[in-house]
Amino acid sequence: MASAASSRAGRPRKVFSAAVQVTREERAARTREQLLVSAARVVGEFGYRDASIQRITADAGMAQGTFYLYFASRQALFDELLPHFGLHMLEHVRERAHGKSDFFEIEEIGARAVFEYLQENPWFWRVLNEAEVEAPAAWARHHEEVVRRYLKFLRRARQAGVITQYREDELDTLAYLLIAARDYLYLYHLHRSKQNSGIPESVVRTYMQFVRSGLNAGAPGR
């Protein structure tokens, strides 16, 4: 009887411990995310070189010692910063295009969605552009993921008979061309657009005309 009672008495403690562990893990994940968000804001304002741990933790409302519970160094955080928020941006685009199947419709939605993300997160450009020098491993990981997803998108379109003018071995070059075109459009118009004004319709029309003409949907394959 004593053994059975002891067994029953022990069960709630195990459940409670598991619940506490989940809560701790969730709290740790939120703290880590807040440090990344604060780092992005600080880099956006001051640049990587002046984004000190003191500034990052002050923005997050945390003690400096908390930083080292999640990142071994400032560079360790920088090496995760761009890939982390790059995935956020790509997921934002994926959500906007969810349920769509037409290649050109998805391309237009994607262009608008990236512009929207950049307007809502104005620090992203500095996090991206300075990373090539200050966090080159992060910069490389981000661009590899962007190109990988764009290539997958182009391959599906080619297999569906939408892109017929380009061979399989030309798609990577095509991906780089389209990514670069969009990047420079964002860079040019973000500095000139009024807050929350959105991407100019004339820009979208011109870009999509360029894409449709350049891909020449329906043209005979080579």
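Visitor: Which helix gives the most to the lining of the largest pocket?

Guide: In this predicted model, the largest pocket holds about 850 Å³ of space, and among its 35 lining residues the closest to its centre are Leu90, Val93, Arg149, Tyr150 and Phe153. At least two lining residues come from each of helix 4 (74-96), helix 5 (103-120), helix 6 (124-134), helix 7 (136-159) and helix 8 (171-190). The one that gives the most, with ten residues, is helix 7.

Visitor: How many charged residues does the lining of the largest pocket have?

Guide: Tyr and Phe count as nonpolar whereas Arg counts as charged, and the residues closest to the centre of this pocket include Arg149 beside Tyr150 and Phe153. Over the lining of the largest pocket, 19 residues are nonpolar and six are polar, while the number of charged residues is ten.

Visitor: What percentage of contacts between residues at least 6 apart in sequence join residues at least 24 apart?

Guide: The protein chain has nine helices and zero strands, and 36% of its 222 residues count as buried. Taking a contact as heavy atoms within 4.5 Å, and considering residues at least 6 apart in sequence, the share that joins residues at least 24 apart is 72%.

Key:
Residues are numbered from 1 along each chain as its sequence is written. This is a predicted model: local features need pLDDT of at least 70, side-chain atom pairs count only at pLDDT 80 or more; totals for chains, interfaces and linings use all residues. Side-chain values use heavy atoms; hydrogens and water are left out. Helices (H or I, at least four residues) and strands (E, at least two) are DSSP runs, numbered from the N terminus. Buried means under 20% relative accessible area, exposed over 50%, partly exposed in between (1.4 Å probe, protein chains only). On a 1 Å grid over the protein atoms alone, a cavity is a set of points where a 1.4 Å probe fits but cannot get out, and a pocket is an open set with protein on both sides within 12 Å along at least five of seven lines; lining residues have an atom within 4 Å of a point. Grid points are joined across faces, edges and corners, and a volume is the space filled by probe spheres set on the points.
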